[in-house]
Amino acid sequence: QLEQKGCVHAHMDLLKMALKLQPFCDPSLLSRVLEVALEARKLDVAASPYDATAYDGVGIVAIETPEGRAEYRTKQRALMVRVEPVRRDLLSAYNLLLELAFDEGTLERGMQRLPER
């Protein structure tokens, strides 16, 4: 609920969560999460001050220029749209874990501790 859906680092963090939830994730979901995490990492590296073009699929996004910032925003938005169904499916796997691991009372008490949106 508190994620910034446009942040490439949040997309990479999905892999960390998917690996923690591995027993409750379909293998195809893990594959999809890995794909979007790698795509996010490539964009992150492309926008870094380092030349990583020697690595397969990594280009350069010159964020120090107006054109480069526009390119980054365009790629960031496209990635956000691509990641959204993966994020929803991963959340479903997480909710399955919660349902299997905790009784209803425990879940309700946990939900009451979340900040208001």
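Predicted model: local features only at pLDDT ≥ 70, side-chain atom pairs only at ≥ 80, totals over all residues.
Close-up 1. Arg41 counts as partly exposed because its relative accessibility is 41%. Its partner in a salt bridge is Asp44, with the closest N and O atoms 2.5 Å apart. Asp44 has a relative accessible area of 17%, so this residue is buried.

**Close-up 2. A salt bridge between Arg82 and Glu35.** The closest N and O atoms of this pair are 3.5 Å apart. Arg82 belongs to helix 3 and Glu35 to helix 2, so the bridge ties together parts 47 residues apart in sequence. Arg82 is partly exposed, at 37% relative accessibility, and Glu35 is partly exposed too, at 42%.

**Close-up 3. Arg87 and Glu84 in helix 3.** Their side chains form a salt bridge of 3.9 Å, N to O. Three residues, about one turn of the helix, lie between their positions. Arg87 is buried at 11% relative accessible area, and Glu84 is buried at 19%. Elsewhere, salt bridges with shared partners join Glu35, Glu39 and Arg82 into one network. The whole structure has six salt bridges.

**Close-up 4. The second largest pocket.** Its volume is about 170 Å³. Residues of the lining include Glu39, Lys42, Gly57, Ile60, Glu71 and Leu79. Helix 2 and helix 3 (66-101) are the elements that each give two or more residues to this lining. By class, six lining residues are nonpolar, two polar and four charged.

**Close-up 5. A nonpolar surface patch of Phe24, Leu96 and Leu100.** Together these residues have about 270 Å² of accessible area. Phe24 sits in the loop between helix 1 (8-20) and helix 2 (27-46), and is partly exposed at 31% relative accessibility.

Methods:
Residues numbered from 1 in each chain as written. Heavy atoms only, no water. Patch = residues over 30% accessible without salt bridge, like charges linked within 9 Å, V, L, I, M, F, W, Y side chains within 5 Å. Areas by Shrake-Rupley, 256 points an atom, 1.4 Å probe, with all protein chains shown as cover. Salt bridge = Lys/Arg side-chain N within 4 Å of Asp/Glu carboxyl O. Helix = DSSP H or I, 4+ residues; strand = E, 2+ residues; numbered from the N terminus. Buried < 20%, exposed > 50% of the residue type's maximum accessible area, 1.4 Å probe, protein only. 1 Å grid on protein atoms, 1.4 Å probe; cavity = no way out; pocket = protein on both sides within 12 Å on 5 of 7 lines; lining within 4 Å. Points joined across faces, edges and corners; volume = space filled by probe spheres on them. Nonpolar A, V, L, I, M, F, W, Y, C, P; charged D, E, K, R; others polar.
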